[in-house]
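Trainee: I would like to go through the aromatic rings of a protein. Please show me the structure.

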Amino acid sequence: METVVSGIRSTGKLHLGNYYGAIKNFLEMQNNHNCFFFIADLHALTTHPTSSEMHANVRQVVTEYLAAGIDPEKATIYVQSDVPETVELYLYLNMNAYLGELERSASFKDKVRSHPDNVNAGLLTYPVLMAADILIHRATKVPVGKDQEQHLEMARTFGNRFNRLYQSEYFPEPYAFSFQQKLVKIPGLDGKGKMGKSEGEANAIYLSDSPDVIRKKVMKALTDSGPTEENQEKPDYIQNLFDLMTIVSSEDTVNHFDKLYNSCQIRYGDFKKQLAEDMIIATDPIRNRINDIANDHDYLRKVVTLGAEKARASAQKTISDVRELIGIKPF
């Protein structure tokens, strides 16, 4: 079986973007791939969480991974910091990662613009750590969102550079992988871009949000006074809401509101009420399981311990081979 690696930063609760952009793919992959799904707590350090936030966020993501249907008997679920071999490989890859290519990363440039007071070395070398996460298991498939394609290209670059430098074909080339026709980008409610934790609480629908919270968030989403001409192009903030409806609603529902929009008859209040109810229905089974699993401390500990053992077994083999190739050998 081919090896799949993917991770989610431990910066809080999972949202619809995580579920439809990544986890739904995970559920299919775990049945016929060698899957490593990790909680990226080391990546989260770039934003300097408190120690209490750190642990609570990791616990939340593990809980929601399990509630969403990831099976620890089929896939390896682990916490990034439980596998120190990843950090060792990160160091080796950093020695051959160059300032110019790291500064050209779109993600780094975005972070510099949005958080100019926190331009730390971890942000600059974020793609190198991501490459280490992937290469440590010698993965060939990585289910990433569209915004992560550049990071994956950099992972291929670092792996190939290592191979050339040490005259080997050790690291295979990892590629984006999705069971869907194209990589999915889930829009947020703020009308500006993708759904994400960093864009604020109101931008995202979390898997653990109560029905009332979902309704309030959706009803506050940006709209306008409506179209003034038949079949006119939707502005981005309206198209985002239709894109969300396409994800959680039936095709008939989407077509119904699309026709109303194109004929200048749409009432955004009705549209948003329908969108909210369909989101509630879509997240209801997961929300119920989150509450049950969160209270089972022994089960959570067992899952994380088992995952660390399986992930380290894979990572230790890679590090042993990498040291040998580099020339780091015992006397």
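Mentor: What follows is a set of questions and answers on ring pairs and on charges over rings. This is a predicted model, in which local features need pLDDT of at least 70, side-chain atom pairs count only at pLDDT 80 or more, and totals for chains, interfaces and linings use all residues. Residues are numbered from 1 along each chain as its sequence is written, and side-chain values use heavy atoms, with hydrogens and water left out.

Trainee: How many aromatic pairs does a search of the whole structure find?

Mentor: Rings of Phe, Tyr and Trp (its six-membered ring) pair if their centres lie within 6.5 Å; planes under 30 degrees apart count as stacked, over 60 as edge-to-face and the rest as tilted. The number of aromatic pairs found in the whole structure is 11.

Trainee: What kind of aromatic pair do Phe-26 and Phe-37 form?

Mentor: The ring centres of Phe-26 and Phe-37 are 4.1 Å apart. The angle between their planes is 15°, and the pair is stacked.

Trainee: Is Phe-37 buried or exposed?

Mentor: Buried means under 20% relative accessible area, exposed over 50%, and partly exposed in between (1.4 Å probe, protein chains only). Phe-37 has a relative accessible area of 0%, so Phe-37 is buried.

Trainee: Which residue lies over the face of Tyr-170?

Mentor: A charge sits over a ring if NZ of Lys or CZ of Arg is within 6 Å of the ring centre and within 35 degrees of the ring normal. At 4.2 Å from the ring centre of Tyr-170 lies Arg-138.

Trainee: Which residues do ring pairs link into a cluster with Tyr-170?

Mentor: Ring pairs join Tyr-170 to others in a cluster. Those linked with Tyr-170 are Phe-162, Tyr-166 and Phe-171.
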